[in-house]
Protein chains: 2
Amino acid sequence: MTSTEGPAQPAVRTRDAARTKAEILTVATREFARLGYAGARVDEIAARTRTTKRMIYYYFGGKEQLFTAVLERAYSRIREAEQLLDVEHLDPVAAVRRLAEVTFDHHEEHPDFIRLVSIENIHEAEHIAASAELSRISSPAIEVLRRILDTGRASGLFTADVDAVDLHAMISSFCFFRIANRHTFGALFGRDLVDAGRREHYRTMLGDMIIAYLTADRAA
Amino acid sequence: MTSTEGPAQPAVRTRDAARTKAEILTVATREFARLGYAGARVDEIAARTRTTKRMIYYYFGGKEQLFTAVLERAYSRIREAEQLLDVEHLDPVAAVRRLAEVTFDHHEEHPDFIRLVSIENIHEAEHIAASAELSRISSPAIEVLRRILDTGRASGLFTADVDAVDLHAMISSFCFFRIANRHTFGALFGRDLVDAGRREHYRTMLGDMIIAYLTADRAA
DNA sequence: TGACTAACTAACCAGTCCGTACATTAAACG
DNA sequence: CGTTTAATGTACGGACTGGTTAGTTAGTCA
């Protein structure tokens with residue numbers, strides 16, 4: 001670690017509250033995701049930043065509030081990604097499939113976020129409940145899905161009378177399980193759900209399943 | 001706690017290794033499920049049994065091995081339940097639906113087990129890997145599913161060329177997500193996935209989805 | 001019935017962990 | 001340029017935690 005004393009990194013420590021806060025959040029996200037809430041250590045998080053533990057208490061108040069802040073940032077990033085969704089110019093079937101694929105990709109790209117959500121569920125979402133920001137906002141994806149479903153039903157393409165939140169749960173289930181339960185599933189069934197070679201297979205399978213459900217003839 | 005000195009509870013402490021071990025496991029299961037691996041306290045587990053902390057180390061060796069033993073017992077109970085599966089006398093469509101329903105019910109009835117699995121995944125299944133018992137055995141449900149799928153394909157009922165492990169993942173995803181992510185999903189979308197009034201709705205939805213997928217015309 | 005051992009208990013230890021009191025310094029400001 | 005204040009660092013307290021040491025008791029079997 002002698003590189004930190006190189007000429008590119010001047011020894012003078014400039015003060016930058018925003019940068020310090022952001023760095024703490026980045027490190028804390030990694031540590032909480034890696035070890036769980038109780039498993040993560042405040043001292044260790046501090047040691048992995050360029051600042052000290054004192055700053056965590058100065059900016060966030062404590063371990064609990066730090067975890068809440070980590071969740072807030074993680075969720076806000078998804079919302080940003082969801083706001084970039086541009087699927088409503090497609091026909092309903094293609095739009096739903098595209099939405100499922102975007103969800104699939106997002107889960108794969110953010111395993112730390114998936115872990116944080118698992119951890120927060122172990123704690124019965126108490127930090128979300130404690131966060132005004134998190135309990136207020138909702139997901140843009142739901143609104144998009146609602147509109148696609150309306151269009152699809154109106155044009156007679158979709159036979160199923162599903163509601164957007166339920167369909168979102170259905171799509172998320174598979175994407176979430178694949179990442180979150182990768183390890184136990186792999187250990188017990190000898191199949192790595194996140195193997196790169198099977199990625200397209202699962203991505204297609206998810207889309208097929210959702211479309212099959214929405215367009216099935218539910219006569220019985 | 002004066003009741004422990006009542007006449008129904010004789011003060012004489014009878015020695016019973018099996019009972020003591022079982023009681024430790026039961027309490028440890030609850031505590032680990034409630035608080036996570038790092039969050040659970042060996043002292044607290046001991047305090048909630050009728051024995052002492054020393055016995056945990058005497059019988060299990062340490063916290064890590066205790067957690068492994070908890071997992072082993074939890075998984076062995078599922079396997080027992082799966083061995084009671086009796087669906088192969090049904091036609092393939094009914095059999096798959098029944099299997100999905102049994103899985104659905106099992107998840108709902110064992111939230112502690114779901115939490116343990118989530119926790120074990122945070123730890124990247126290291127305890128399963130450390131357990132000869134767990135890494136050896138496989139799931140009876142997979143074999144049952146494989147046979148149903150074969151029959152269904154042979155009779156032309158199922159168009160999808162799915163493999164049993166993937167379909168098992170698909171079914172488990174929804175059942176698992178519904179229980180495991182109940183809290184964050186409820187907090188963010190204002191819908192309790194485990195609400196008793198919506199139970200039948202989700203149970204049917206899962207079956208519909210699986211059957212739709214298996215019987216869909218995948219021409220495109 | 002007395003020696004032996006598995007089952008059990010209480011007390012403790014060394015290291016860890018969250019949080020804080022206190023001191024200090026870089027920037028903002030008039 | 002002197003004062004103020006936000007930002008930062010040091011060092012440590014006190015409670016806790018996993019694990020252990022040393023000793024006790026109930027059952028059993030020769």
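Student: In what order do the elements of chain A run from the N terminus on?
Tutor: Helices (H or I, at least four residues) and strands (E, at least two) are DSSP runs, numbered from the N terminus. Chain A has twelve helices and zero strands. Read from the N terminus, the order is α-α-α-α-α-α-α-α-α-α-α-α.

Student: Before we go on, what ground rules apply here?
Tutor: This is a predicted model, where local features need pLDDT of at least 70, side-chain atom pairs count only at pLDDT 80 or more, and totals for chains, interfaces and linings use all residues. Residues are numbered from 1 along each chain as its sequence is written, chains are lettered from A and ligands numbered from 1 in the order in which they are written, and side-chain values use heavy atoms, with hydrogens and water left out.

Student: What share of the residues in chain A is buried?
Tutor: Buried means under 20% relative accessible area, exposed means over 50%, and partly exposed is in between (1.4 Å probe, protein chains only). Chain A has 220 residues, and the buried part of them comes to 53%.

Student: What size of box do the C-alpha atoms of chain A fill, and what share of its contacts with a separation of 6 or more joins residues 24 or more positions apart?
Tutor: Taken along the principal axes, the box is roughly 70 × 40 × 40 Å. A contact means heavy atoms within 4.5 Å. Among contacts in chain A with a separation of 6 or more, residues 24 or more positions apart account for 70%.

Student: How much area do chain A and chain B bury between them?
Tutor: Buried area is the accessible area (1.4 Å probe) that two parts lose on being put together, summed over both. The contact takes 52 residues from chain A and 52 residues from chain B. Carbon and sulfur atoms hold 69% of the buried area, and the total is about 4500 Å².

Student: Which residues in chain A lose the most area to chain B?
Tutor: Three of them together make up 14% of what that side buries. They are Asn121(A), Ile122(A) and Leu188(A).

Student: How many residue pairs are in polar contact between the two chains?
Tutor: Start with salt bridges, where a side-chain nitrogen of Lys or Arg lies within 4 Å of a carboxyl oxygen of Asp or Glu. There are six of those between chain A and chain B, and Arg191(B) forms one with Asp166(A), with the closest N and O atoms 3.0 Å apart. A polar contact is a pair of N or O atoms within 3.5 Å; within protein, one must be able to donate a hydrogen and the other to accept it, and residues adjacent in sequence count only if both atoms are side-chain atoms. With both residues at pLDDT 80 or more, the count of pairs between chain A and chain B is 14.

Student: Which helix gives the most to the side of chain A that touches chain B?
Tutor: Helices that each supply at least two residues there include H1 (17-35), H6 (111-122) and H12 (199-215) of chain A. The one that gives the most supplies eleven residues, and that is H10(A).

Student: Is Phe177(B) buried or exposed?
Tutor: You'll find Phe177(B) in helix H10 (residues 164-180) of chain B. Leaving out residues up to four places away in sequence, Phe177(B) touches residues of both chains, among them Phe176(A), Ala169(A), Phe185(B) and Leu193(B). Its relative accessible area is 6%, so Phe177(B) is buried.

Student: What is the side-chain partner of Arg178(B) in a polar contact of 2.5 Å?
Tutor: Arg178(B) is in helix H10 of chain B. Its relative accessibility is 2%, so it counts as buried. Not counting residues up to four places away in sequence, Arg178(B) touches Phe104(B) and Tyr202(B), among others. The polar contact of 2.5 Å joins its side chain to that of Glu108(B).

Student: How far apart in space are Ala28(B) and Phe67(B), C-alpha to C-alpha?
Tutor: Ala28(B) sits in helix H1 (residues 17-39) of chain B, and it counts as buried because its relative accessibility is 0%. In sequence, Ala28(B) and Phe67(B) are 39 residues apart. In space, the C-alpha distance is 7.6 Å.

Student: Is Glu124(A) buried or partly exposed?
Tutor: Glu124(A) is in the loop between H6 and helix H7 (126-130) of chain A. Its phi is positive, about 55°, although Glu124(A) is not a glycine. Its relative accessibility is 48%, so Glu124(A) counts as partly exposed.
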